[in-house]
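Here is a short briefing to read alongside the model. Please keep the viewer open as you go through the points.

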Amino acid sequence: MAAFLPPGVVFIPNDEILIGYYLANKNNEDLHIFNGSHMIKDMNLYDSDPFELSPASSYSIYNGRHWHWYCFTAKINEERRHCKTGFWKKRGNVRNITNTDNVVLGTKTLFVFYLGKFPNDSERTNWTMYEYALADNPQAGFVLCRIFDCPIEMDVDDEFGPLSDVDETDCDESDNELEKFDV
């Protein structure tokens, strides 16, 4: 899908652009096609496990160390989102995303993928997902997700609670040891 970008152009949207442009336009019922609408695909994210994602399944980018997937998926109001061999579990606090005028555009929620069907018998993986939702439209049918494989450092963070606000720049290929903690 990167072939849609002209040479020298990279798709690295910040949180404000993901919510204020892509997600807002996706949830606008009057707007079916918008500039860049081909960039992020719709998919049922919970029909597969994150390690089964392919570059063709959604918009994906390789930043030299890790693959990142972007997709729109149906909004689900649950703490856990079940997949084939595991589940995504919400971790930490929901964070507000604001624009330059400090207007809240939406929220960013951190999820971590666990292998296993039951919380007491599951193992945390390095798969991380940020789910972006609109703040002013609780009836919006879609959320935007960014998924990547990256170890999470166990730091205290005021925004997300016990887990750091993981960003792809925080990831290090040499740190691939899985940590297990209570679910």
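Both Phe11 and Tyr22 are buried, where buried means under 20% relative accessible area, exposed over 50% and partly exposed in between, with a 1.4 Å probe and protein chains only. This is a predicted model, in which local features need pLDDT of at least 70 and side-chain atom pairs count only at pLDDT 80 or more, while totals for chains, interfaces and linings use all residues. Residues are numbered from 1 along each chain as its sequence is written, and side-chain values use heavy atoms, with hydrogens and water left out.

**Overall layout**

- The protein chain has one helix and eight strands; helices (H or I, at least four residues) and strands (E, at least two) are DSSP runs, numbered from the N terminus.
- Read from the N terminus on, the order of elements is α-β-β-β-β-β-β-β-β.
- Of the 183 residues in the protein chain, 46% are buried.

**Aromatic pairs**

- The structure holds 14 aromatic pairs. Rings of Phe, Tyr and Trp (its six-membered ring) pair if their centres lie within 6.5 Å, and planes under 30 degrees apart count as stacked, over 60 as edge-to-face and the rest as tilted.
- Trp88 and Phe113 are both buried.
- One aromatic cluster is formed by Phe11, Tyr21, Tyr22, Phe34, Tyr59 and Tyr70.

**Salt bridges**

- How many salt bridges does a search of the whole structure find? There are four, a salt bridge being a side-chain nitrogen of Lys or Arg within 4 Å of a carboxyl oxygen of Asp or Glu.
- One of them joins the side chains of Lys108 and Asp15, at 3.0 Å from N to O.
- Lys108 lies in strand E6 (residues 104-115) and Asp15 in helix H1 (residues 15-26), so the bridge ties together parts that are 93 residues apart in sequence.
- Lys108 is buried at 3% relative accessible area, and Asp15 is buried as well, at 16%.
- Lys84 and Glu52 form another salt bridge, with their closest N and O atoms 3.0 Å apart.
- Both partners sit in loops, Lys84 between strand E4 (80-82) and strand E5 (86-98) and Glu52 between strand E1 (41-42) and strand E2 (59-62), so the pair ties together parts that are 32 residues apart in sequence.
- Lys84 is partly exposed at 46% relative accessibility, and Glu52 is partly exposed at 38%.
- Arg81 and Glu131 meet through their side chains in a salt bridge at 2.5 Å, N to O.
- That pair links distant parts of the chain, with Arg81 in strand E4 and Glu131 in strand E7 (residues 123-134), 50 residues apart.
- Arg81 is buried at 4% relative accessibility, and Glu131 is buried at 8%.

**Charges over rings**

- Lys108 lies over the face of Tyr130, at 4.1 Å from the ring centre. A charge sits over a ring if NZ of Lys or CZ of Arg is within 6 Å of the ring centre and within 35 degrees of the ring normal.
- Lys26 lies over the face of Phe142, at 4.6 Å from the ring centre.

**A position in strand E5**

- Asn93 lies in strand E5 and is partly exposed, with a relative accessible area of 41%.
- Asn93 and Leu110 are 17 residues apart in sequence, and their C-alpha atoms are 7.9 Å apart in space.
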